[in-house]
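Dear colleague,

Please find below the structure that I am handing over to you.

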Amino acid sequence: MTLGGGHETGNWMVDFLNSYMWTIAGGTNEIQRTIISERVLKMPREKLS
Amino acid sequence: VSAQGENDAFVAELAVIARRFLAEQARRRAPYETTASQACLSLTPKAAELGWFLLATPEERGGLGQDFAALGALYRELGRALSPLPLMTAMMAVHALREASSDYANAMLDSIGAGDAVVGAQLPHGGAVHVSSAPDGFVLDGRLSHALLPDGATHLLLQADLAGEPAVLLIVLDGGVAIKRHEIWDRTRELADVVFTGVRASAEAILAKGEQAVRLIADRSAHFDLALACDCVGGAEQILDETVEYTRTRRQFGREIGSFQALKHRCADMKTELEAAKALTARAASAIDSSDRAAVIAAGAKILAAQTYRAIAMDAVQMHGGIGFTWEHDCHLFLKRALLNEALGGSPEDYKDRLFEPMRLAVDAARA
């Protein structure tokens with residue numbers, strides 16, 4: 001059985017190693033956190049310096 | 001509109017009314033200025049007028065015949081308001097009373113519904129009591145540890161051993177029992193040890209025994225876990241909202257602190273964890289009346305929601321800075337309720353220990 005939107009191969013070693021890639025691809029985890037805080041929680045944008 | 005759609009609308013409206021009612025009628029600090037039960041003296045009759053204590057009573061017995069969705073919405077709002085209202089113990093009693101048809105059961109449903117009877121309840125796994133036959137009824141011996149027992153409770157819901165078989169009882173508290181109250185940090189709930197030494201109970205106080213009692217005890221345990229999970233979700237939502245609002249208004253270094261990435265990412269993590277807890281709690285609520293795995297899912301929701309609430313409440317104290325550590329600020333009220341919720345019914349580790357065996361059996365059964 002594969003999970004995760006069809007991105008998994010079913011070979012758990014490959015999936016485990018790929019899981020690191022998914023913290024970056026499609027927007028890093030940090031960018032996702034920024035998006036959640038600004039779009040969902042309506043926190044202010046960082047001041048441009 | 002379908003029946004399901006009508007019911008969803010009823011539940012949504014109930015939540016809106018509850019939130020408004022609790023914001024207007026209940027002050028968060030009230031249990032800390034007096035006691036939880038004192039704070040409920042004015043609250044309970046108004047909640048009864050709104051029909052809250054009749055929600056789970058069948059329509060043919062004068063109630064509103066609602067399933068867990070309605071109760072869950074209320075538990076969530078009570079959690080959001082840090083309310084001392086002992087609705088959960090009353091509803092656990094109603095669930096047991098629904099299965100009994102005696103005059104006593106009918107009278108109790110009416111009395112709870114009117115807000116007259118105040119019900120305490122044994123915690124799941126909270127002590128052991130034996131029932132033995134006596135000429136004009138039954139006699140109870142044993143001890144409950146940390147029962148949820150409002151000061152001035154008129155009735156107590158408990159399970160007991162009746163000649164080797166489990167039984168569920170709702171007894172009248174009329175002075176025959178020894179009650180030792182615990183002083184606890186969270187003042188919104190009241191806990192007590194209850195000691196029975198040859199305490200008399202009428203035959204009608206026994207609501208169920210044997211197989212029926214086994215099922216009722218499992219149902220009550222699931223109800224308890226899910227009620228606490230809902231309470232945690234409501235409280236966590238509220239304190240996260242207040243924390244985010246604080247970071248939007250509090251300024252340092254010439255800007256709102258909520259613009260700092262360190263705080264934004266922390267809030268985003270809290271929100272993500274909260275959504276996971278909400279999702280599992282919603283899943284457990286939809287399974288409670290239908291699935292044979294309801295108890296396992298409810299226990300899982302309790303573990304996750306309680307850990308999430310505690311983590312968010314602790315983070316909230318930090319993110320408020322110095323003011324978050326003061327008595328005057330409300331952060332600690334949430335943290336105290338979160339810590340008690342996590343401890344009630346057992347620690348997450350206790351829960352996982354208890355969950356292991358049924359999960360192993362389910363896996364074995366699937367393999368066979």
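Two strands are said to pair if DSSP finds at least two bridges between them. In this predicted model, strand 2 (residues 127-134) and strand 3 (residues 137-148) of chain B meet that condition, being joined in the antiparallel sense over eight bridges. Two residues lie between these strands, and together strand 2 and strand 3 of chain B form a hairpin. Within this pairing, Gly127(B) is placed opposite Leu144(B) of strand 3.

Strand 3 of chain B is also joined to strand 7 (residues 191-201) of chain B, again by eight bridges and in the antiparallel sense. Here Arg143(B) faces Val195(B) of strand 7.

I turn next to the interface of the two chains. In chain B, 17 residues are in contact with 14 residues of chain A. The area buried between the chains is about 1,300 Å², with 62% of it on carbon and sulfur atoms. On the side of chain B, the residues that lose the most area to chain A are Arg248(B), Lys264(B) and His265(B), which together account for 37% of what that side buries.

Two salt bridges are found across the interface, and one salt bridge joins the side chains of Glu38(A) and Lys264(B) at 2.5 Å, N to O. Helix 7 (211-249), strand 10 (255-256) and helix 8 (261-287) of chain B each contribute at least two residues to the side that touches chain A. Helix 8 gives the most, with nine residues. By class, that side of chain B has four nonpolar, seven polar and six charged residues.

Methods
Residues numbered from 1 in each chain as written. Chains lettered and ligands numbered in written order. Predicted model: local features only at pLDDT ≥ 70, side-chain atom pairs only at ≥ 80, totals over all residues. Heavy atoms only, no water. Contact = heavy atoms within 4.5 Å. Buried area = accessible area lost by both parts, 1.4 Å probe. Salt bridge = Lys/Arg side-chain N within 4 Å of Asp/Glu carboxyl O. Helix = DSSP H or I, 4+ residues; strand = E, 2+ residues; numbered from the N terminus. Nonpolar A, V, L, I, M, F, W, Y, C, P; charged D, E, K, R; others polar.
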